[in-house]
Amino acid sequence: WDATNGTSTRAVALTSLTGASDVPVVARKILVSDVDRHCIAFGANPITDGTQDPLLIRFSSQESVVDWTPTATNTAGDLRLSKGSEIITAIQTSRQILVWTDQSLYSMQFIGAPFTFGISQLSNQTTIAGINSAVAVGDAVFWMGKNRFYVYDGRVQALPCTVRDYVFEN
């Protein structure tokens, strides 16, 4: 959707735009990294087919929503996570993008050429309740897991909670 056309115009598929190249046709979540301005698709389809890979992260070339074909002259590419069976959600902080699978928490950071983004596992056996279960407040991220509440502020910690039993056992 282009804001310059007003609120009465409809959004169009990125694949229909001039210059569109290997744009993902399916994804669990999309966000734009505000520091380096890449469009990022989480749980996307690989370039080679339209079948969703639930652990694949694809990103467009910097400053482009239509150029998703990795070449030697752009910053488009992909990463595949190793733990879990699907990406649940992702949220951006001022320093990184946190990515949850059904089993782990990852940090995704812009590192520049030639790899564009780097990924590291922050925690194994960490859950999240759903796609909208996390919130970033400054550099801290709070979320609801499957059986407790968590915070990440440089390390993953379970939050002490007096209503935990009521929330998770009721």
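This is a predicted model: local features need pLDDT of at least 70, side-chain atom pairs count only at pLDDT 80 or more; totals for chains, interfaces and linings use all residues.
Residues are numbered from 1 along each chain as its sequence is written, and side-chain values use heavy atoms, with hydrogens and water left out.

The secondary structure of the protein chain consists of 1 helix and 12 strands, where helices (H or I, at least four residues) and strands (E, at least two) are DSSP runs numbered from the N terminus. Along the sequence these elements follow the order β-β-β-β-β-β-β-β-β-β-β-β-α. The C-alpha trace spans about 55 × 40 × 30 Å along its principal axes. Of the 170 residues in the protein chain, 38% are buried, a class defined by under 20% relative accessible area, with exposed meaning over 50% and partly exposed lying in between (1.4 Å probe, protein chains only). The protein chain exposes about 9,500 Å², of which carbon and sulfur atoms supply 51%; accessible areas come from the Shrake-Rupley method with a 1.4 Å probe, and for residues only the protein chains shown count as cover. With contact taken as heavy atoms within 4.5 Å, 37% of the contacts between residues at least 6 apart in sequence join residues at least 24 apart.

Strand β7 (residues 104-112) pairs with strand β8 (residues 116-124) in the antiparallel sense over 8 bridges, pairing being assigned if DSSP finds at least two bridges between two strands. The two strands, β7 and β8, form a hairpin with 3 residues between them, and F110 stands opposite F117 in β8. Most residues other than glycine have a negative phi, and most peptide bonds are trans. Against this background, the peptide bond from A113 to P114 is cis, with omega near 0 degrees, and P114 is found in the loop between β7 and β8. T116, located in strand β8, has a positive phi of about 70 degrees although it is not a glycine, and T116 is buried at a relative accessible area of 4%. A positive phi, near 65 degrees, also occurs at Q125, a residue in the loop between β8 and β9 (134-137); at 68% relative accessibility, Q125 counts as exposed.

The loop between β5 (87-92) and β6 (97-101) contains Q96, which is buried with a relative accessible area of 13%. The side chain of Q96 makes a polar contact of 2.4 Å with the side chain of S107, such a contact being a pair of N or O atoms within 3.5 Å in which, within protein, one must be able to donate a hydrogen and the other to accept it, and residues adjacent in sequence count only if both atoms are side-chain atoms. Not counting residues up to four places away in sequence, Q96 touches I91, S107, M108, Q109 and Y152.

Side chains of opposite charge can pair when their charged atoms come close. A search of the whole structure finds 3 salt bridges, each defined as a side-chain nitrogen of Lys or Arg within 4 Å of a carboxyl oxygen of Asp or Glu. The side chains of E63 and R37 meet in one of these salt bridges at 2.3 Å, N to O. This pair links distant parts of the chain, with E63 in the loop between β3 (56-59) and β4 (77-80) and R37 in the loop between β1 (29-32) and β2 (39-42), 26 residues apart. E63 is exposed at 52% relative accessibility, whereas R37 is partly exposed at 42%. D53 forms a salt bridge with R80, the closest N and O atoms being 2.8 Å apart. Because D53 lies in the loop between β2 and β3 and R80 in strand β4, the pair ties together parts that are 27 residues apart in sequence. D53 is buried at 14% relative accessible area, while R80 counts as exposed at 52%. R95 forms a salt bridge with D139, with the closest N and O atoms 2.8 Å apart. Here R95 belongs to the loop between β5 and β6 and D139 to the loop between β9 and β10, 44 residues apart.
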